[in-house]
Amino acid sequence: MAIVEQEPLALPAGEPSRSARPLGVFSRPRNTTGLKNWLTSVDHKKIGIMYGVASLFFLLWGGVPALLIRLQLARPNQGLLSGDAYNQIFTMHGTVMVFLVVMPMGAAFANYLLPLQIGARDVAFPRINAFSFWVFLAGGIMLNTSWFLGGGPDGGWFNYAPNNGIAYSPGIGIDFWNVALMIAGFGSLTGAVNLITTVLNMRAPGMTWMRLPVFTWMTLVTQFLLLFAIPVLTVAQLLLLFDRRFDGNFFNVAQGADPLLWQHLFWIFGHPEVYLMILPAFGIVSEVIPAFARKPIFGYPFMVFSGIAIGFMGWGVWAHHMFVSGIGPLSVTAFAVATMFIAVPTGVKVLNWMATLWGGKLILNTAMLFSIGLVTQFTLGGLSGVSHAIAPADTQQTDTYYIVAHFHYVLFGGALFGFYSGLYFWWPKAFGYKLNEKIGKWNFWTMVLGFNLTFGPMHILGLQGMPRRMQTYDTSQGFNTWNMWATIGSFILAFATLSILYNALVSYLGWRRAGRPNPGPDPWDARSLEWSIQSPTPEHNFDVTPTVTSLDDWWYHKYQEDENGVLRRVASSKELAQPGNGEGVHLPAPSYWPIIVAFSLPIIGYGLIFSLWLCIPGVFLLLAAMYGWSLEPADDLDQDHHSEPEPELAQTHG
Amino acid sequence: MAEAIIDQAATPVADEHHEGHYTSLGLSNMKLAMWLFLGSEVLLFGALISTYLLSKTRFLTELVAGNPEVVAGISNDENAELVNEMITKGSVEPLFDIPFTSLSSFILLMSSLTMVLAHKSVTEGNYKNLRIWLSTTMLLGATFMAGQVYEFTTFYREGLTYDGSLLGTAFYTLTGFHGAHVTGGLIMLGSLIYLSFKGRMQKDRAETVELVGLYWHFVDIVWVLIFTIVYLIH
Amino acid sequence: MQLVKSRTKWLAGAGGLPVGLLLAGCADETKPLNTFNPQGPRAELIDNLIQPIFLIAAVIGVAVVGGAIVLTIKNRVKPDDFDPDDFPAQTHGNPTLEWGWTAAPAVLLAGISVFTVFAIWDLEETNAPGGGIAGGGELDVMVIGQQWWWEYRYDVDGDGFFEDVNGNGVLNTTDEWDPADAEWPLEIALDDDDVSVANEMVIPAGEQIDLSITSRDVIHSFWIPRLNGKRDAVPGRVHSWNFVADTPGEYTGWCTEYCGLSHARMRMNVIALERDEFNRWLANQSRVADIPSEDTEAAAGRQIFQQQCASCHIIWEEGIGQDALYGRDFEAALTAKAAPNLTHFATRSVMAGAIYSTFVGLDANTNDLQPGNRNDRYLDEYLELPSFIPEENDQLGELRWNRPQLKRWIKNAPSQKDMAPEDLRGMPAFPGLTDSELDQLIAYLATLD
C-alpha cells in the first residue's frame, strides 16, 4: 500500500539507486517545510489545502464583481459600470465562481479526504496530483491576467456562438477565457484519472464498495463526470480557438454553420458540470449529519445509488438549457420529461437526510447548521429547478432572474453551504484546532440571512420579467424595490462569506495563546477512517493500513450495537487511534516537475493569444519538463535509503 | 494527458514477472489510469466526429442550394469541375482518393499488429525483436503520417482550404487531431526504442510497452472510425 | 411539546410568507413584463400550466423546509445536556419507506409531465410553420434581431414571400420553410407592397400574428411576456412563433438572449390596435415618404440625411423603390450595419432599440419636456389620435417630439447607448453636425409620418 515509486527509467533495470544524478536530471527536493516544500510537495494533504486556499481566494476575488453587479443594479439607470465593463464583470463572476471556486473547492475536499477515507497513504499518482493543482492554478491566474492585458472576456460563462466570434468580440478577452479554461481543464482531467484510480485501486483491505463513505462515493461519481465532460468542453473551446485565431468556420453562419453546435457541446459538458459541482457537497453533508445526529446515515444504499443515478441521468438532460433555442418540439418533449425525473434521486437524498435527522440527538454546532442549511436552501433551489422542466413555463422563465435565483440556491445554498460545513467539520483534522463556534454561528446565521435576502427577491424579479445579464433597467419596468433588497442582502452575504477567514485567524490566535492544545484524533466522535489517526493528519496518514470490516468501521471500533440497536461504548477514540509514529514508512519525495510542466502551459497559451512565436519556448519547456519528470529518480539519490519499505500486505481484498 | 503516460515510468508496476503492489482491483494503477484516459479520449473524438458530421451536412446543403459564399469558399481557379461534381452528387466524395487512403489505413492497421508483436517480444525477454517490432511500428506510423501530409497538400490544391469553407475547417481539424495523436504515439515509440537500446526496457517493464500499445491501438481504432465515417460514408 | 406546536405554526406562516409575496407579485399589473399577467391565449396557457405547479412546489417546499426546521428544533441537544453515552435509536434505513419516497415523487412528476407534454404540443401546433401558420394567422411578420434593435417586416400582400435582393422568393412562410433555401446574410428586400418597421410592432388586437424569427448577427431572443414565452432569434435559422393580443394596448418586451454590448438596451414594443385602426396604420406605412418642398428646413435636413445617414438608413421615396438598396452596404450587414428603415419614423412611439420615447409630454409644472427615458408613456393619447400625422412639425396633440433626446442621439449615439461603431456594430457619433444642422435633420425626420 505504501507509495513506493518504482526504480526510475533513468537507471538500468535492477539497479535501485545510484549516487550520481542519472542523465543529468535534478535530484528531488528534500525540504519538508517552507515555501519550497509547498511548491514541490506531492503530499495529497498539502495539495488539498492549497486547492482550498486557492479556491477561497478566488471566492473573494469572484465576489468583488458580484458586489459591483449588485451596486450597478441597486437602482435603475445607474452608470457605475458601462455596458462593456458590466459584461466583462458578469462573465468573470460566473466563470471564476464555477471553474475556480466550486470545482476546486470540491477538489480540495476530494484530495484531502479521499485517501484518508479509503485508508490509503496517498493518491495513485502523487506527482500528477501536484500537476493537477498547479495547472488549475496556472489556468486560473492566466484567466485573471486578462484584466491587465486588454480586458476580460465578455461572452458570459456560457459564451454562446456566434457572439463569442472575432466579429462580435474583437478583443482578446474571449481568447483568455478559451485558452485559460482549456489549461485548467487539463488539471481536472488528470485529477479525475488520478482520483478514480485511487478509489478503484487503493482501498484498504476490506473496504468494499458498499463500505465506502458516502463522501467518497459522491466524489467518485464527480470524478467520472469530470472525466467524460471535460473533453467535450475542450472540443468546443478548440473549435472556438480555431475560429478565432486561425479563421476557421465552425460557427461562421455565412459559410452555413449552425451556431447551435456550440450550445449542444457546451451543455453536454455544462449539465454534468452542474451535478459535479453539487455532488461533493452532498457527500460532505452525508458525513456531517450522521456524525452530529449520532446515528448512521439513513438508507446508505439509496444514498449511494441515487448519487450514481444522478451521475448517469445528468448526461441526458443537457438540452433543457435550450428549450427556446428552436430545437424542435420532439427534443423539447424528450428533454423536458428526462429533466423532470432527475429530480427523483435528488429528492431521495433530501428525504434520507431528513430521516437521518428524525429521532436523532442533534448537536447543533456550526458544521451541522451549515449542513441543515444545505438541506433547506438546496431544496428550494431544487423545487424551482423542477419548474424549468415544464418546458412551456421555461419559455417564460429562462434567461430571467428566476434562473439566477434558482442556480444560486443550488450552488450557493447547496454547494457552498456544504463546503462551509465541511470546512468547519474537517478543520481540526487538517490544522489541529477547531474553529470558534460563536463566530461560526454568526457566520451561519448572517449567511442564511444575506443569502435569502440576495437571491430570494430574484425569484420575484424574474417572474416579473427581469432578464439576466442586464446592465441596467428603467423605473417603468417596476424592478426597483426588490433589486435594492438584493443589493442590501449581497453585502450581508459578503460579510458572512468573509467571516470564516476572520474565524480562522481568531481561532488560530486563541489556540496559540492556549499553548496549542491538541483536539485529539476524533474531536467530533465521528464515523469514518480519517478520525482514526492523529490531528493534524501525520504526513504518512496511517501508521498501519487499516483493515475494514464494515460500513462506518471506525465508529464500530468505538461502539457496538446490541441486538436491540442500542449502542455500547467499547473503547475511546484516544485508545484506538493510531499513534502517528510512522516508523519505516517510505513516502514519495517532492518534485520540481509538476509545477514546471503546469506553468509551461500558460506560456503556450499566451503564445496562442499574442504571438505563435511564444509557443516555441513554451513547447520546448513542456517537453523538457516532461522528460525530466519521466526520468526523475524516485527519491533523492544523494540521500541514503534510511529505512526499508513497509512489507507488502499480502492478503487479498475481501 | 501525456503526463499520464510519462508517469508510468516511475510508478509501481504489477505483472506476473514482478512482485507488484497490492491493488484493490488487481489491475495496476497505470493500466487503470490509461483505460480511464482513453475513456475520456472517446468523448473527445466523439465530439469532434459529431462536429464534422454536422458541419459536412450543413456545408453540403448550402453548397447544393447554391449559396454563393459557400461555393466561393470551396472554389479556386482550377477546380470548377470538382465543385460541379460535388454539387451534382450532393456529396464530398469527389474530393477523396479512396484507394490511396485505404492503403494508408491498411498500413496504420498493420502497425497495431507489429505493436502486439513488440509487446510479446518484451514479455519473452527478446529485446532484439522488441526493438525490431517497435521500429517497424514506428515506421508504419510514420508512413501513415506521410500519407496524411501528402493527402492534405492534395486537398489543399484541390481547393479545400482550412479557412475557406466549413467542410475544410471541420475536415482538417478532425483528421489533424488524429494526426497529432499519432505523432504523440510516435514520440512514445521512439522513447521506448531509445530506452531499450540503453537497456532500460526489459521484462520487468513490459507493462510500459503494453501501455504504449494500448494507446496505439486506440489511435488505430479511432482512425478506423474516421476512415469509415469521413471517407466511406458520404 | 406545546412550544414545538406553536413554533410549527409560526414556521408554516414563515414558509407561507415568500409564497404570499410571490402571489402578491403575480397580481401586480403595474409591471409591464410580468409573466403572471397574461393578455393572450398563449401566455394564458403557460400561466394555467405553471400556477398549480407553483402551488404544489410551494406546499412541498414548506413541508420539507419546515419539516427540517421542526426536526432540528425538536431533536437538538443543548450542549449542557449532552451525554456522550446516550444514543438515539440506531436506524440504518427502511427500504419500504425509501422505495416509497422514490416512487411518490416519480408518480407526481409523471403526472406533471403529462400536462407539460400536452402543453408543449398545444403551443407547437399553433407555432408550426406551414399549415399551422396559414391556418391560424391573418398576418405574417418576419422578426429580425440584430445588435441592438428589432426589425419587423410585414407580408402585407399576403403572398407569403419576403423576397431576397435577387428577387428570389425564398422566405416563404406558407410552405414548409427550408433554411437551406435562404441566402445568408439575410439581404432581404421586400415585395413592393410589404413594409419594414423598426423597434415597434403594430398589430391588430384579437388576431393571431404569425412570426418568423431570425437574426442578422448573433443570437437574440424575442419575448413579449404578456403574450407568449420567448423564442430565440438564431442566425441561419428561422423559428416560427405566434401570439394573440386579446385587447388593444401596449405590450413591452426585452431581448432575453445575451447579445453583447448593449443587450440591456435592446427592447421591443408591441402596440395592438383595433383592426380598422391597424388598417389605417398599415396603409400609411405602405406609402413612400413625401419629399419636402424645396427651401424648407426639412429639405435641408433631407440633404444632410443623404450625406450623413443614408449609407446605413433607408428612406423609401418615389423613385427609390422598396427593392432598391439605396447605398446600403450589405457586406457589412452581418455586423449589424444594417440600420432601421426610417421611412415612417415619425409614427413610431419608440426609438433607439425602444429605449427612448419618440414623443414626450409636457411637464405640468415647468412646461418643459420630460427627459428621454421612457418613464412616462402617453399611450392612451397616442392611441386616441385621429391619425399618426402630427399637426405641426414637432407637435402631436398633447405630445411633443422628444427633441432633446433625439438631438443627443443623433449627435452622439454611443454616449447614450453602448455601441461599437468602430467595429460596424451600432450607430457612430456625428460630432461635426452643428446645432442648426441637427434642427434641420429633425425637421426632416418629423415629416416622415
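Predicted model: local features only at pLDDT ≥ 70, side-chain atom pairs only at ≥ 80, totals over all residues.
View 1. Leu498(A) belongs to helix H14, which spans residues 480–513 of chain A. Between Leu498(A) and Ser387(A) the C-alpha to C-alpha separation is 33 Å in space, and the two are 111 residues apart in sequence.

View 2. Residues 329–357 of chain A form helix H9, with 29 residues. From its first C-alpha to its last, H9(A) reaches 43 Å, close to the 42 Å expected at 1.5 Å a residue.

**View 3. Strands E2 and E5 of chain C.** Strand E2 (residues 149–154) and E5(C) run antiparallel and are joined by four bridges. Tyr154(C) stands opposite Val195(C) in E5(C). In a regular strand the side chains alternate between the two faces of the sheet. Along E5 (residues 195–198) of chain C, Val195(C) and Val197(C) point one way, while Ser196(C) and Ala198(C) point the other way; all are buried.

**View 4. Packing of helices H6 and H9 of chain C.** Helix H6 (residues 297–309) and helix H9 (residues 435–446) of chain C pack with their axes 7 Å apart, at an angle of about 100 degrees. H6(C) is therefore roughly perpendicular to H9(C). Residues making the contact include Ile304(C) and Phe305(C) of H6(C), and Leu441(C) and Tyr444(C) of H9(C). The residues of this contact comprise eight nonpolar, two polar and four charged.

Methods: Residues numbered from 1 in each chain as written. Chains lettered and ligands numbered in written order. Heavy atoms only, no water. Helix = DSSP H or I, 4+ residues; strand = E, 2+ residues; numbered from the N terminus. Expected span 1.5 Å × (residues − 1). Buried < 20%, exposed > 50% of the residue type's maximum accessible area, 1.4 Å probe, protein only. Pairing = 2+ DSSP bridges. Axes fitted to C-alpha atoms, helices over the stretch in contact; angles between N-to-C directions. Parallel < 35°, antiparallel > 145°, perpendicular 65-115°, else oblique. Contact = heavy atoms within 4.5 Å. Nonpolar A, V, L, I, M, F, W, Y, C, P; charged D, E, K, R; others polar.
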